[in-house]
Amino acid sequence: MKIALDPTPFHHSHSLLEFPALAAELGYEYLQLTPHADFLPFFNHPKADDQLVADLRRACRDAGVGIASVLPVLRWSSPDPDAREAAVRYWKRAVRMTVDLGVQQMNTEFQGRPERAEESERAFYRSMEELLPLVEREGVHIAIDPHPDDFVEQGLAAWRVIRGVNSQHLGFAYVAPHTFHLEDAPLEIMAAVGDRLRVVHVADTMDHHRSHGLRYITNPPGSPARVHQHLRIGDGDVDWDEFFGGLAGNGFLDREDTVMVSSVFAENENALEVSRYQLEQMRERSAAARKVEVQA
């Protein structure tokens with residue numbers, strides 16, 4: 001398992017090429033590249049040319065840091081044909097950049113719209129028909145997160161959509177701060193996806209279902225906003241013993257092709273301290289979960 005830093009909290013304090021040295025300073029051996037204005041911006045065409053990709057690879061080599069995964073967020077499930085077709089073009093460039101970086105793992109979101117779920121699912125499968133030959137030829141693996149407000153938000157339902165593509169090059173990304181939007185139990189999801197669980201994001205969140213659904217007061221009442229946080233471990237309601245125990249039982253913690261990412265976005269003012277804390281927690285909790293699994 002690779003433990004990686006998501007550098008999103010540092011996007012305004014460091015340049016793209018400074019991320020590898022920053023990760024090394026914080027004790028991480030790997031980075032996850034998330035949407036960035038100079039690389040893979042949200043929803044738009046990639047902005048890195050071959051020279052910048054080469055410079056980033058060199059910066060990683062100089063810092064002794066690898067890139068564990070690359071995360072584009074593009075509208076490949078959009079029910080709007082123009083947006084979907086553009087996203088496929090952007091995905092092709094993103095795959096090329098990922099391969100040129102020497103990386104095989106990508107992860108992303110379903111996108112699409114929950115109020116147009118059937119149309120969005122059709123768009124997703126249409127995009128996969130176009131992208132899968134390239135993905136398989138290049139040996140890339142894509143793990144997909146059912147993000148709150150995507151066309152599919154529930155854990156097992158998302159797994160069925162992924163499984164329906166019928167390719168070992170697609171898998172599941174479990175994002176811990178989305179736990180209370182996934183509906184299905186974490187252990188049930190992990191057991192169902194098996195070794196197709198390739199990426200997990202580690203951050204805490206509050207359970208918005210508590211207090212009879214009134215833990216957060218939104219106006220107007222019944223707002224469809226998908227409230228969740230990306231807090232440091234221990235500041236929310238995620239059951240971390242269950243989470244890490246599930247990963248141990250799944251085999252995730254002991255495989256070479258898996259990626260665990262620190263994904264805290266809510267504490268930029270303490271990002272250095274929080275990043276170190278997250279790394280310590282991920283290492284310690286993984287070791288403890290392995291020990292329990294062996295004893296069992």
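Two strands pair if DSSP finds at least two bridges between them. Keep that in mind as you look through these views of a predicted model.

Figure 1. Let us begin with the overall picture. The C-alpha trace spans about 50 × 45 × 40 Å along its principal axes. For 296 residues, a compact globule would have a radius of gyration near 19 Å, and the 18 Å of this chain agrees with that. Buried residues make up 53% of the chain.

**Figure 2. Strand 8 and its two parallel partners, strand 1 and strand 7.** Strand 8 covers residues 259-262. Strand 1, residues 2-5, pairs with strand 8 in the parallel sense over four bridges. Look for A4, which stands opposite V261 of strand 8. Strand 7, residues 197-202, also pairs with strand 8 in the parallel sense, over four bridges. Here you can find V199, whose bridge partner in strand 8 is V259.

**Figure 3. The side chains of strand 8.** Which residues point one way from strand 8, and which the other way? V259 and V261 point one way, while M260 and S262 point the other way. All four of these residues are buried.

**Figure 4. R198, a residue of strand 7.** Is R198 buried or exposed? Buried means under 20% relative accessible area, so R198, at 15%, counts as buried. Its side chain reaches the backbone oxygen of D257 at 3.0 Å. Leaving aside neighbours within four places in sequence, R198 is in contact with several residues, including Q105, H141, A143 and F172. F252, R255, D257, T258 and V259 are also in contact with R198.

**Figure 5. Helix 5 and what covers it.** Helix 5 runs over residues 155-164, and its buried residues are G155, L156, A158, W159, V161 and I162. What covers the buried residues of helix 5? The cover includes two helices, helix 4 (117-138) and helix 6 (186-193). It also includes strand 5 (141-145) and strand 6 (170-175). After helix 5, look for N166, whose phi is positive, near 65 degrees.

Technical notes. Residues numbered from 1 in each chain as written. Predicted model: local features only at pLDDT ≥ 70, side-chain atom pairs only at ≥ 80, totals over all residues. Heavy atoms only, no water. Buried < 20%, exposed > 50% of the residue type's maximum accessible area, 1.4 Å probe, protein only. Contact = heavy atoms within 4.5 Å. Polar contact = N/O pair within 3.5 Å; in protein donor to acceptor, adjacent residues only side chain to side chain. Rg over C-alpha atoms; globule rule 2.2 N^0.38 Å.
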